[in-house]
Amino acid sequence: MSNYDVAQGLLDIMSWGDGIMGYREGSSLLRIVSVTWMVICVLCIIGLAWLVSLGQGVEQFRTDLGSDTVDYVRFMQKNAGILYLDYLFQIFVGVVGYRAGQRNGENTLAFVLGRVFLVIRLLSLLADFTILTFFFTFLAALYVYGVYETRQNNGYRAGGW
């Protein structure tokens, strides 16, 4: 074994794709994106629970915060049930992505969920271009790329990107 082989093996161990001597297992990118996604959703659930707990008490801050902010909080409170379901679904997508990132293969469920979520995020980006919607669209694109990477590592060629 030459010094080149040792150095290449060390570089492969530290590489983004968790490879050792050319063998790659899963996708660390997909795992990182999935964990980030799940943490953000848990924080959103906590924030939403706090907003809901304010109840009618938010009306007393109308003069301090402004009418638009209070109306936004009231909107969030009225749609809390749907938002909770959305965040729980996103956590499910994150769990599926994390598990798919641990192995190579087709990972069909993660691939389909990622593509659906990317389309939803692209549509939301077109409707309301903000830094936050751009960030979530970027995360969804990284998610899909991570799943695509697990498919490629197994020799499976994903058709029709």
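1. Phe89, Gln90, Phe92, Val93, Val96 and Ala100 of helix α5 are in contact with Leu109, Ala110, Leu113, Phe117 and Arg121 of helix α6, contact meaning heavy atoms within 4.5 Å. Helices here are DSSP runs (H or I, at least four residues), numbered from the N terminus. Sorted by class, this contact comprises nine nonpolar, one polar and one charged residues; Ala, Val, Leu, Ile, Met, Phe, Trp, Tyr, Cys and Pro count as nonpolar, Asp, Glu, Lys and Arg as charged, and the others, Gly among them, as polar.

2. The model is predicted: local features need pLDDT of at least 70 and side-chain atom pairs pLDDT 80 or more, while totals for chains, interfaces and linings use all residues. Residues are numbered from 1 along each chain as its sequence is written, and side-chain values use heavy atoms, without hydrogens and water.

3. Phe117, in helix α6, has 2% relative accessibility and therefore counts as buried (under 20% relative accessible area; exposed is over 50%, partly exposed in between; 1.4 Å probe, protein chains only). Beyond its neighbours within four places in sequence, Phe117 touches Trp37, Phe89, Gln90 and Ala140.

4. The disulfide count is zero, the criterion being a pair of cysteine sulfur atoms within 2.5 Å. For Cys41, the nearest cysteine sulfur is that of Cys44, 6.0 Å away. Cys41 is buried at 1% relative accessible area, whereas Cys44 is partly exposed at 26%.

Notes
Helices (H or I, at least four residues) and strands (E, at least two) are DSSP runs, numbered from the N terminus.
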